[in-house]
Amino acid sequence: MANAGATREIEILVRARYPILYVVSWEESRVESALIEIANSRRKRLYMWTATSGLYLQGARTGDNDSRQPLVVLDRIMQSQEQALFVLKDFHPYLGDDQVVRKLRDLVYALKLTLKTLILVSPILELPPELEKEVTVVDYELPSYGDLGALLDRIRSSMEGKQGVDAELTPEERDRVIRASQGLTLMEAENVLARSLVEARRFDVDIIVSEKRQIIRKSQVLDYYHASEEVGSVGGLDVLKDWLAKRTHAFGDRARQFGLPEPKGLLLLGVQGCGKSLTAKSVANLWRLPLLRLDVGRIFAGLVGKSEENMRKAIRIAESVAPCVLWVDEIEKGLSGTESSGASDAGTTARVFGTFLTWLQEKTAPVFVIATANDISQLPPELLRKGRFDDIFFVDLPTLDERVEILRIHLSMRGRDASLYDVQRIAEGCAGFSGAEIEQAVVAGMYDAFDREEELATEDILRACEESIPLSATASGRIAGLRAWARLRARRASSGDPVELPQLPDELTDLIRLAGMWVEDEGMLDDGGATSDCGPSDEAPHD
Ligand SMILES: Nc1ncnc2c1ncn2[C@@H]1O[C@H](COP(=O)(O)OP(=O)(O)OP(=O)(O)O)[C@@H](O)[C@H]1O
Ligand SMILES: [Mg+2]
């Protein structure tokens with residue numbers, strides 16, 4: 001049950017005499033059977049090494065004690081006259097040793113002249129920079145639909161005749177069970193399926209999905225997100241919603257036959273609290289695809305060096321669950337290290353970001369990436385370059401009509417009949433408010449009414465609007481800068497004209513400044529640093 005893509009890649013690399021391969025996988029046994037296959041078909045001998053068994057010919061159990069030493073085994077490989085594959089399992093802890101690194105570099109030249117290949121197999125990628133050029137990394141993907149189907153069929157046949165277990169599946173049910181298992185390793189899938197049989201006495205998609213959610217969460221970088229948000233809960237943003245609606249069937253066979261490519265992704269930029277995250281969440285429901293949330297902060301939270309591994313892991317899981325929506329919220333938060341010179345791990349951040357950019361550009365798996373950002377000064381310019389996303393949308397403050405729509409949505413979400421309220425008047429009274437601020441005004445009005453033991457009235461919401469100062473008033477310079485910046489770089493998410501930014505009376509402005517609530521607006525129009533486009537040549541983010 002080998003993984004065709006990665007196995008083929010390894011075979012090609014072996015034939016092309018790449019000296020050292022580094023196969024990243026949690027599934028040693030799957031990789032091992034693939035390597036046996038390759039060794040057989042290339043008529044090569046296959047040697048295995050582990051720190052506890054030493055070097056031994058595949059099929060034998062152990063080697064001699066001496067060869068357990070990393071330097072000794074590398075010498076043996078150097079001296080061997082055989083045409084062979086040498087597989088070192090979990091060798092990564094030794095890659096921190098200078099002598100081992102030096103020996104590996106010597107080996108590169110020796111191996112190039114012979115028909116030997118060194119293959120490192122490990123669940124984590126830890127490669128010292130000195131070896132980056134010499135070692136070819138192969139990501140062993142998670143099991144395919146076919147692999148999981150074969151596993152499921154094997155479990156089903158082993159269950160035949162078992163009392164009290166219903167392992168029968170219609171073709172549609174079988175498809176659903178396999179899709180629910182995508183994103184898991186074979187061993188994880190086997191455990192989850194077994195658990196479902198024990199708990200429910202049948203293959204229960206709900207059990208499988210909830211187990212999968214746990215397992216994916218344990219990967220610490222992705223969340224299998226259950227979005228309840230529908231597109232109907234997003235007010236305004238007509239251009240953006242239309243873009244999304246037109247692509248509802250874009251991942252189906254009919255779109256492929258029509259000759260359409262799968263959508264790659266969207267970047268949503270804009271003013272705080274205006275529905276970027278909300279829209280991102282609603283896409284998955286609109287398109288009926290699973291939603292994975294990538295936490296950029298968590299990718300970089302781990303140890304330096306581990307972040308790269310985390311990013312690769314996230315990509316691999318997303319691809320195995322595809323077609324799916326991958327939501328990267330507040331992308332600038334994690335990537336700011338690529339720009340700021342103060343960050344001590346700037347190199348790592350830049351590298352990890354590079355991995356992500358390359359993947360965005362070249363991915364073939366139908367993973368739709370929807371990224372959101374509100375701080376453009378933190379946004380690396382490479383992200384905005386053509387080819388990364390299908391489109392970049394700018395989400396601005398809601399217009400009058402949009403505010404009416406948002407009010408209606410939030411009133412009915414709270415069990416109110418919106419036609420009983422003068423939403424037009426409220427919308428006029430909350431010019432410059434973001435969607436989130438409109439929602440807050442509705443809630444504040446409800447508290448007032450509740451306190452008086454009366455039903456919510458138009459006046460309650462109006463009063464709440466009057467009593468609060470929207471962010472757009474205290475950050476008007478910032479928003480103006482954001483708009484100017486976006487004019488040349490993004491499409492407006494809404495067809496309405498930009499709303500005028502509220503002007504506060506001078507005495508209020510002074511008060512706000514005194515209270516330290518004023519949002520400084522310098523830097524937004526300055527076209528240096530992250531807001532400039534650095535031309536086509538700089539693929540790698542600079543630090
Ligand atoms: N256009 C909208 N329609 C309906 N509700 C909205 C809209 N915009 C914002 N809201 C309300 O405000 C909440 C916060 O909005 P959201 O998280 O989408 O903002 P955001 O644009 O992602 O802001 P940030 O930049 O701060 O992340 C939403 O959950 C929703 O309840
Ligand atoms: Mg958000």
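Which residue in β11 does L266 stand opposite? L266 stands opposite I370, and we will meet I370 again in the largest nonpolar core. This is a predicted model, in which local features need pLDDT of at least 70, side-chain atom pairs count only at pLDDT 80 or more, and totals for chains, interfaces and linings use all residues. Residues are numbered from 1 along each chain as its sequence is written, while chains are lettered from A and ligands numbered from 1 in the order in which they are written.

**Domains**
- The domain assignment, which is automatic or from a database, gives domain 1 (4-139), domain 2 (145-218), domain 3 (231-390) and domain 4 (396-528).
- The C-alpha centres of domain 2 and domain 4 lie 49 Å apart.

**The sheet**
- Seven strands form an open sheet with mixed pairing, in the order β7-β9-β10-β11-β8-β12-β13.
- Strands (E, at least two residues) and helices (H or I, at least four) are DSSP runs, numbered from the N terminus.
- At the edges are β7 (222-225) and β13 (491-492), each pairing on one side only; two strands pair if DSSP finds at least two bridges between them.
- β8 (residues 265-270) runs parallel to β11 (residues 367-373), with five bridges between them.

**Around ligand 1**
- Ligand 1 is surrounded by 18 residues, the closest being G275, K276, S277, L278 and G435; a residue counts here if its C-beta atom, placed from the backbone, lies within 6 Å.
- Two or more residues each come from α11 (276-287), α16 (400-413) and α18 (435-452).
- Domain 3 and domain 4 both contribute to this shell, so ligand 1 lies between them.
- The shell has seven nonpolar, nine polar and two charged residues, where Ala, Val, Leu, Ile, Met, Phe, Trp, Tyr, Cys and Pro count as nonpolar, Asp, Glu, Lys and Arg as charged, and the others, Gly among them, as polar.

**Nonpolar cores**
- Within the largest core, of 68 residues, L292, A318, V325, L326 and I370 touch the most other members.
- Domain 3 and domain 4 both give residues to this core, so it lies between them.
- A core joins buried Ala, Val, Leu, Ile, Met, Phe, Trp, Tyr and Cys residues through C-beta atoms within 7 Å; buried means 20 or more other C-beta atoms within 10 Å of a residue's own, exposed 12 or fewer, and partly exposed in between, with C-beta atoms placed from the backbone.
- A second, separate core of 37 residues includes L21, L35, W49 and F86.

**Q503**
- Q503 sits in the loop between β13 and α22 (506-514), and it counts as exposed because it has 11 C-beta neighbours inside 10 Å.
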